[in-house]
Amino acid sequence: MLYSNLAVNEKGHLTLGGADTVALAKKYGTPLYLMDEDRIRENMRLFRDEMKAHMPEGSLPLLACKACCFKGLFRIAEEEGLGADLVSAGEICTAQAAGFSMEKTCFHGNNKTDADIELALDAGVGYFAVDNPEELEALEQAAARRGITQKILLRITPGIDPHTHKKINTGILDSKFGEALPTGQALTFFDLAAAKPHLSVEGMHSHIGSQIFSYQPLADAAEIMLEFLSMLRESRGFEAKILNLGGGFGVRYTDRDPVMNYREELRRLGREIDRLCDRFGLRRPAVILEPGRSIVGDAGVTLYTVGSVKTIPGVKNYVSVDGGMTDNPRYSLYGAEYTVLLANRADASADFSASVVGRCCESGDIIQENVPLPKPQRGDFLAVLTTGAYNYSMASNYNRIPRPPIVLLRDGRDRLAVRRETFADLLQYDL
Ligand SMILES: *Cc1c(COP(=O)(O)O)cnc(C)c1O
């Protein structure tokens, strides 16, 4: 199995965190997002404890909640002592509604509107990761009107290609995010920020990409950022309190993806940061990481019911399910890979191969192609693994399809965390 929280029981049913997925599909209906809360907590504790043990004082993981955003997840993050990385006013409202400690949040985004800035200041977000000079100016004015000093980080593009998929790669120079270091714009940006009386530059932020399976690209980014900090100390007398290196640790979507030992990679990253600080003669800044996918990815499984099974002789087979790009748009967006199983016959051998497709009116509404399966029939349950990240948060109501519920699994018990959308929900905005 792809993860240790997945197994097959005596009935041949797929289990997640020990719970029978077929029984849960029958209880809650499909499509259904299942999330293994025990696994989410394990992942959170791992980041929290390793960063505390092997990184400078004050180091902390922030849950990148764009990976998955609902109130229950903020409550879990709060209980486990994490902060949160927020990228929109909607995410800020969700964190607030969950009673999250807003001083432990960092507000990101390449185009925060004036309204976003006001809302974030009202909410008391801990840090703004300021992306550009226009935002800097708008935030300075808003903070001045309130007579406060807002803590900020500066979003820097270090110019690193972590060799991931281009569309989810944000650290290279050609990026809509941040100010570039190699072009000198980052330095100009720092000087502008340092001159703002109502903003306090606490440190720097970079995020180089996603699905990274080694500490090395993050250590490369740390080296570039620390070198920049050392130059700022010498030329500007600036001492950074925080180095935020963003998120990006990878998860396994298929057995072709490597198994990543987060614990070991975090230790290595910590050691490397220590070594770099010594080399540059810098006081060690607190390290912030923003794991999203690596906290929730392997906790999620999506369940569907099979509708039709169609064979086009000499061409291919299609298996249609009762969800699709509305609950998981990642294949149609960028060809993301997934492992697909028949949940109610998880131990049967795969004698069939098919494109698993959704029910939207789009030929591109595909969950995965060339999927080996035991030949399914109408009424079977299909499971897509590793859907905890960027599935629910990217879901839409295309074709007026209601979004599925989220059920959390903890200590062998299941509970509804987000209820299924109703047709009344879909109609509520129409006047
Ligand atoms: C997307 C993003 C993250 C989270 O990335 P993961 O790959 O899910 O860990 C963290 N920080 C920033 C700024 C991001 O844009």
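A contact here means heavy atoms within 4.5 Å. Residues 24 or more positions apart account for 69% of the contacts with a separation of 6 or more in this chain. The structure is a predicted model, in which local features need pLDDT of at least 70 and side-chain atom pairs count only at pLDDT 80 or more, while totals for chains, interfaces and linings use all residues. Residues are numbered from 1 along each chain as its sequence is written, and side-chain values use heavy atoms, with hydrogens and water left out.

**Overall build**

- Twelve helices and 21 strands are found in the chain; helices (H or I, at least four residues) and strands (E, at least two) are DSSP runs, numbered from the N terminus.
- The radius of gyration of the chain is 23 Å, close to the 22 Å that the globule rule gives for 431 residues, so the chain is as compact as a globular protein of that length. This radius is taken over C-alpha atoms, and the globule rule is 2.2 Å times the number of residues to the power 0.38.
- The C-alpha trace spans about 70 × 55 × 45 Å along its principal axes.

**Surface and charge**

- Of the 431 residues in the chain, 60% are buried. Buried means under 20% relative accessible area, exposed means over 50%, and partly exposed lies in between (1.4 Å probe, protein chains only).
- The accessible surface of the chain is about 17,700 Å², and carbon and sulfur atoms hold 49% of this area. Accessible areas come from the Shrake-Rupley method with a 1.4 Å probe; for residues, only the protein chains shown count as cover.

**Cysteines**

- The structure has zero disulfides, a disulfide being a pair of cysteine sulfur atoms within 2.5 Å.
- For Cys68, the closest cysteine sulfur is in Cys69, at 7.7 Å, which is too far for a bond. Cys68 is buried, with a relative accessible area of 2%.
- For Cys360, the closest cysteine sulfur is in Cys361, at 7.2 Å, again too far for a bond. Cys360 is buried, with a relative accessible area of 9%.

**Ile40**

- Ile40 belongs to helix 2 (residues 37-54) and counts as buried at 0% relative accessibility.
- Leaving aside residues up to four places away in sequence, Ile40 touches Met35, Leu73, Ile76, Ile295, Val296, Ala299 and Leu408.
- Ile40 and Asp430 are 390 residues apart along the chain, and their C-alpha atoms are separated by 37 Å.

**Backbone details in loops**

- The peptide bond from Thr30 to Pro31 is cis, with omega near -10°. Pro31 sits in the loop between helix 1 (21-28) and strand 4 (32-36).
- Thr386 is not a glycine, yet has a positive phi of about 55°. Thr386 lies in the loop between strand 19 (381-385) and strand 20 (406-410), and is buried, with a relative accessible area of 2%.
- Asn399 is not a glycine either, and has a positive phi of about 60°. Asn399 is found in the loop between strand 19 and strand 20, and is partly exposed, with a relative accessible area of 32%.
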